[in-house]
Amino acid sequence: MIHIPVLRWGEPYKSMEVDKVAHFITGEPLAEVSRANGGLIERDMRQAKRAREVLREIPVRDLIGMVKKAADLYVEAELPLGDGTQTPDQFVRMQSATTGLPEHMCRFNMKKNHFVLNEMDRMLDALTRGLDLDILTRGYGVEQRGVPVSYQAQSPVLGLVLPSNSPGVHTLWLPIIPLQIGLVLKPGPQEPWTPFRMTQAFIQAGVPKQAIAIYPGLGDVGAAVLNSWSAQSHFWRHGHG
């Protein structure tokens, strides 16, 4: 049985406590996942600013190129997963088996994620209304209409609690890395597959592994992720620089 570890800023960590990811009908265990805890997350959040720092060392245009490369890796490549690897077909079968989503819908969601990643330059252009993305790195600049603007990150990372029952919503967090903000993810107990596969696609495409942390677990872990992220955001706004 494959073991999926906690990912602490790109570094795998095998905890003593594990949860089983089971088939949605038979209850058969299909994988085991290390369980994070609040203390671990709180300690790791002390290093959150490094996630943004390593991303700011890479021009936004280069990060966009990396996520475009990651798009193809996500749908085509055999990628690392815990102490093993996973092909696209294995990903689809596992996601279907643990969530109950039909396999054709799993493949459809893969295509949807691929589209968002592959069109990331257009996505960001639409989200920012044509803003020069270098302004996000510098923190200030002038819009196309000649108006001075200032943008300041409210947190070095974005914390997210992800669902088990709707894998298609992952498109919502895919633009975060190109915006030079790190990711802290708590995957759904029955759907760890997309966050881990997407992370490995990012890393294989050149995105610094230190920019992403994944903390599997139950509801208490989700609360710890949000509490730690909220505290980090507060510090970043009021205590950074």
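Hi everyone, let me start with a definition: a charge sits over a ring if NZ of Lys or CZ of Arg is within 6 Å of the ring centre and within 35 degrees of the ring normal. R8 has its charged end over the ring of Y13, 5.0 Å from the centre.

A word on the source. This is a predicted model, where local features need pLDDT of at least 70 and side-chain atom pairs count only at pLDDT 80 or more, while totals for chains, interfaces and linings use all residues. Residues are numbered from 1 along each chain as its sequence is written, and side-chain values use heavy atoms, with hydrogens and water left out.

Now, the aromatics. Searching the whole structure turns up one aromatic pair (ring centres of Phe, Tyr or Trp, its six-membered ring, within 6.5 Å; planes under 30 degrees apart are stacked, over 60 edge-to-face, the rest tilted). Its partners are Y74 and F91, edge-to-face, with 5.9 Å centre to centre and 70° between the planes. The pair links distant parts of the chain, 17 residues apart: Y74 belongs to helix α3 (residues 60-76) and F91 to helix α4 (residues 88-99). Helices here are DSSP runs of H or I, at least four residues, and strands are E runs of at least two, numbered from the N terminus. So, are these two buried or exposed? Both Y74 and F91 are buried, meaning under 20% relative accessible area with a 1.4 Å probe, protein chains only; exposed is over 50%, and partly exposed is in between.
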